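Okay, everyone, let me get this up on the screen.

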Amino acid sequence: MTSSVDVALVMVPPFIPDEPHLGLALLASYLRGNDFSVAVHDMSIKLFHSCEEDDRRLWDRSAATAIEWQQRDLRESFFKKYWNNFDAYIDEILASKPKVIGFCCHITNSVLSMEVINLTRAKAGPDITLVAGGPAFFVNESETTGVGYELCMYGHPTRGQAELRHALETWISKLDCLILDEGEAPLLEVCQRVRDGEELTGVANMVRCSGPGEYEELTRGPPIRDLSTIPYPTFEEFDLSLYTRPQVPVLFNRGCIKKCTCCVERYRWGNFRARKAEDILAELKHHVEVLGISWFNACDMLLNANVRELAKLCDLIVAEEMSIYWGGNVVVRKEMTPELFGKMRAAGCGWLIFGIESGAERIVDLIGKNFTLTEGEQNLEACHQAGIRTYINIIIGFPGETEEDFLESMEYVRRNRENIDWIILMAMFELFHHTEVVLNPERYGPRCEDVAGLTENFGLVDWSDETGNTYEVRQYRFARMQRLLAELGLPDPTMQGDDLRLSQVRQELTEHPAIHSMIGAALEVEPKLDLPLTEALEGNLAHDEEKTRAGACRLLGMLGSRKAVPSLIEALRDKSEWVRGESARALGLICDPTSLPHLESILTDEGYAVLSGDMQLSMARMRRLYEASRDVTEFEQQQDAEDQ
Ligand code: B12
Ligand code: SF4
């Protein structure tokens, strides 16, 4: 029987299948810390595993897929096709009798969330409080509603389109309320009021709308000042075995210290607030010790916004001798010295993404990055020298970018080739709501009529300015930059999916023969691509160096290479305990039935207690998976057949 909960948090597809959603994990921990029982229903990852194989591409993280999801036809046909799944997921949620159901909406899942919320309301009736939140929502000033604002949702264009606005507002009226920006405090207040039978009116950062144009007044509350009051996410509400990478997201801070003119995020999160190094360390240790996870994707806007806490965190990680791997976004700063990069590497930092954006100082200034080209080049060099993979972002055609500026950008990439591993994001500049560029077009240059045509669908690609920076010009510059990257042997950032992942791993394999140092890139590889890579890694299982053998085991596990199971079983008897532990972990991840008896026999032969925690974790994981998802008799029969 399903046990009852106070609050159910829901993620409608698609959200990247790599890792659990940090926002929902944080909200769950926060509510739990305030005495509410919570369940998370990640419909996205469940449907990812049960949908038709061809449909899995719709979970791709590319901008193209995000745009595709905004087509009404796709949303409607997808919902119809998987209606039974959605219906069953909603029944499962309702079986636990939650009093509040919260939906996380972002650009790719927002329109499908509308369908799922409608169905939930139809099935749940009026007594359950339905709330939505997440980055999809923002408000625009408006004279027409009488309260000075109206709600907008990324993915659902409404600007100037009365019919669509009517549809959006009718839909919102099915929700009890909607929460903007940082979600913890307002969601808690909503839950408390529901528990205490109080009206919801007046909760800060909450939008309520009882029908087209009928909004309640909106009050704004401050962001949470002391981040130590938010417990770290434990992910206990998630089934981590469902995600495609053995990694979890983490936050080092909230808000941003910069004020870039192309950015909307700094408005959403309010003031910059750092987390204490000790708190982050406790979180990382929890994930290593309790979840068995040592890969961390820092979802910060800038993980180096507070250099002092960052350095302290690295010292603590090193002092604890933790073997972890992490990385994320950074800004160029002169405080990022070679010593600090060295410290970060020693603490397991494996990759950093620098928002370089342009190689023309004038444009970097216009964007408001506030660093010099020389500082940028020094940071890239020091990062690369420290052995951290160095990724950069490039914007093509920021308003006012001239041909000369663009040529400087090309020259910048050429000059720094040695210190750049990948241009991870190369994008033609798009106009986005609530950015300085759009709020003050006369200062930055995009034509006002273009700005007026901006909908909530996605960024506006086709805009121009007085300097002749048109869509066609940007396309041409983009193509030239692509050619330069090919000439310099840098991977093409427009590659998608499998091609991109494979190219990265190939590059890594040739650069770092010691496999252990390039695990991050292998995380990008899908099991179906394992053919050439598996063979290379299997070869490394016989390598003299212990770390290379151990690294090969670990990668084979992450790749899910079933083909490698026999070699990994052999590695269970390696002379090094490290390698034995890694092979057991790999077999646990691959979860091929043939490996269970071998693991069992090793553990019986050599004694469970003396072997590493990895072995025990792998065993526990395999047992759990087999016992939960397979008919045990069928599994045993299969074993018997194989043994004969
Ligand atoms: C890291 C990141 C990624 C990672 C994802 C890793 C991950 N685990 O999330 C990667 C690189 C894969 C990625 C990909 C994309 N991303 Co991204 N990403 C981010 C980033 C920088 C951090 C996300 C994060 O974890 N934030 C911290 C958590 C705590 O915040 P949160 O999820 O928003 O949750 C809080 C509130 O929103 C709210 N909340 C959330 N859910 C709910 C639910 C309820 C009921 C309530 C009440 C409140 C609530 O409370 C939470 C706690 O305060 C954000 C920008 C940002 N700073 O947030 C962009 C951002 C989320 N990404 C964005 C975009 C556009 C994309 C892509 C489409 C990029 C592309 N290719 O064009 C893809 C799509 C991926 C997908 N949907 O499947 C946009 C989303 C735009 C929008 N308005 O919806 C953002 C906001 C950046 C931006 N402004 O452009 N992204
Ligand atoms: S550094 Fe990044 S998050 Fe911060 S303001 Fe600039 S673009 Fe926005």
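I'll go through the sheet, then some helix packing, then a ligand site.

Bookkeeping first: residues are numbered from 1 along each chain as its sequence is written, and chains are lettered from A and ligands numbered from 1 in the order in which they are written. It's a predicted model, where local features need pLDDT of at least 70, side-chain atom pairs count only at pLDDT 80 or more, and totals for chains, interfaces and linings use all residues.

So, the sheet. Helices (H or I, at least four residues) and strands (E, at least two) are DSSP runs, numbered from the N terminus. We've got an open sheet of six strands with mixed pairing, in the order E2-E1-E3-E4-E7-E8. Pairing here takes at least two DSSP bridges between two strands. Looking inside, E3 (residues 100-104) runs parallel to E4 (residues 129-133), with five bridges; for instance, Val-100 has Thr-129 in E4 as its bridge partner.

Now H5, residues 83-95. That helix lies across E1 (7-11), E2 and E3, at about 175 degrees to E2. Angles run from 0 to 180 degrees between N-to-C directions, and axes are lines fitted to C-alpha atoms, for helices over the stretch in contact.

What does H5 meet in H6? Phe-86, Ile-90 and Leu-94 of H5 touch Val-116, Leu-119, Thr-120, Lys-123 and Ala-124 of H6, contact being C-beta atoms, placed from the backbone, within 7 Å. That contact splits into six nonpolar, one polar and one charged. For the classes, Ala, Val, Leu, Ile, Met, Phe, Trp, Tyr, Cys and Pro are nonpolar, Asp, Glu, Lys and Arg charged, and the others, Gly among them, polar. The axes of H5 and H6 (residues 110-124) come within 10 Å and cross at roughly 50 degrees.

Over to H1 (residues 22-33) and H8 (residues 184-195): their axes also come within 10 Å, crossing at roughly 50 degrees. On the H1 side it's Leu-26, Leu-27, Tyr-30 and Leu-31, against Glu-184, Leu-187, Leu-188 and Cys-191 of H8. By class, that's seven nonpolar, no polar and one charged.

Last stop, ligand 2. Around it are Cys-256, Lys-258, Lys-259, Cys-260, Cys-263, Glu-265, Arg-266, Met-301, Leu-302, Val-331 and Gly-355, counting a residue if its C-beta atom, placed from the backbone, lies within 6 Å. That shell has six nonpolar, one polar and four charged residues.

How values were computed. Contact = placed C-beta atoms within 7 Å.
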